[in-house]
Amino acid sequence: MDKFRMIFQFFQSNQESFMNGICGIMALASTQMYSAFDFNCPCLPHYNLAYGLGILLVPPFILFLLGFVLNNNISMLAEEWRRPQGGRGKDPSVLRYMFCSMAQRAMIAPAVWVSVTLLDGKCITCAFCTSVPVDTLGNASHPRLSQGEIQRVLARIPCKEIYNGQQLIANEVAVRYLRCISQALGWCFVLLMTTLAFMVRSLRPCFSQAAFLKSRYWSHYIDIERKLFDETCAEHARSFAKVCIQQFFEGMSTDLVAARCHLPRKAPADAEEAAQKLLGITDQGTMNMALKSWHRCKPPLHLHPPALPTGNGWAGEGQPPTHPSAPPRETAAYYSCV
């Protein structure tokens, strides 16, 4: 249990680790789904190709979309992309970094599915069983079968229990031939995905290290800013609800006194703390206006206070800001006579 707790704490350490854990769980789930899947080839000439390629390509597409759905950053990316310009500009490089990061993680589970499917070989055997070279592996000069009948016989290769073309080509030979091709494609796919992942993760920062660090930093900043904003809004809602409840019970004090109920003494410290957390926003319309203003006009990323306006314009225009001089230090001397 301690090891699982440590792994869970590592996944919760930051957003990137959490998403890596989610992608790892999805990859394991894809292998379990394929192992539990009951593969039944229709063994018909016009349906084998659609069924085999459908099992090979449709589940990875669903897993890819599911990887985007489970990623918490997809809503943040859409919000950042669609929000108005406001007081803060939108950096396209940060948006591209966020999208590429999500796409890379969402591709893990589909890549695992395709790799496992190709290495197993059932889909390729079902899809391309009618393309087996009978001239090379079997007896193409079978006198009693036409071309259409040969296609129907070859379409039954994945269904060993109903295959009746041993005189044309042995079932074991055709299955082994197609499975070898499928496994070769599977290992090539694994090598290609590994090479691409190495190039993306290792070589990309080498060519544009400054731009990579900038995009990564500001993408993390957007995530942290959104979390802090949600926490601040939740704290404000809690304080607002607390003050509303206190005012409600204070309004009911007359009825409680009339009923000769003992009124508990109000804690002034809690009331003052809740009022301070409201930050002067004590109306529903004002809060809605603040939320809309945050979405439409996000403040610029500039932490220095603005210059104070004067009658002729901005004070200190064209001159660097001056810091107030430190007060003169006073020294005291003590003398003693002996």
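The report below treats the disulfides, the remaining cysteines and the annotated segments in turn.

This is a predicted model, in which local features need pLDDT of at least 70 and side-chain atom pairs count only at pLDDT 80 or more, while totals for chains, interfaces and linings use all residues. Residues are numbered from 1 along each chain as its sequence is written, and side-chain values use heavy atoms, with hydrogens and water left out.

Two disulfides are present, a disulfide being a pair of cysteine sulfur atoms within 2.5 Å. With bonded cysteines counted along the chain, their pattern is 1-3, 2-4.

| Disulfide | S-S distance | Angle about the S-S bond |
|---|---|---|
| Cys41 and Cys126 | 2.0 Å | 75°, right-handed |
| Cys43 and Cys159 | 1.6 Å | 90°, right-handed |

Cys41 lies in the loop between helix 2 (15-36) and helix 3 (48-70) and Cys126 in helix 7 (residues 122-127), so this pair ties together parts that are 85 residues apart in sequence. Helices are DSSP runs (H or I, at least four residues), numbered from the N terminus. Cys41 and Cys126 are buried, that is, under 20% relative accessible area with a 1.4 Å probe, protein chains only.

Cys43 and Cys159 are both buried as well.

Cys129 has its closest cysteine sulfur in Cys41, at 5.7 Å, which is too far for a bond. Cys129 is buried, at 0% relative accessibility. Cys180, at 47%, is partly exposed, a class between buried and exposed (over 50%).

An unreviewed UniProt entry places "transmembrane region" at residues 21-37, 49-70 and 184-203; such annotations may be inferred rather than shown by experiment. Residues 21-37 are 94% helix, with end C-alpha atoms 24 Å apart. Residues 49-70 are 100% helix, with end C-alpha atoms 32 Å apart.

Key
Helix = DSSP H or I, 4+ residues; strand = E, 2+ residues; numbered from the N terminus.
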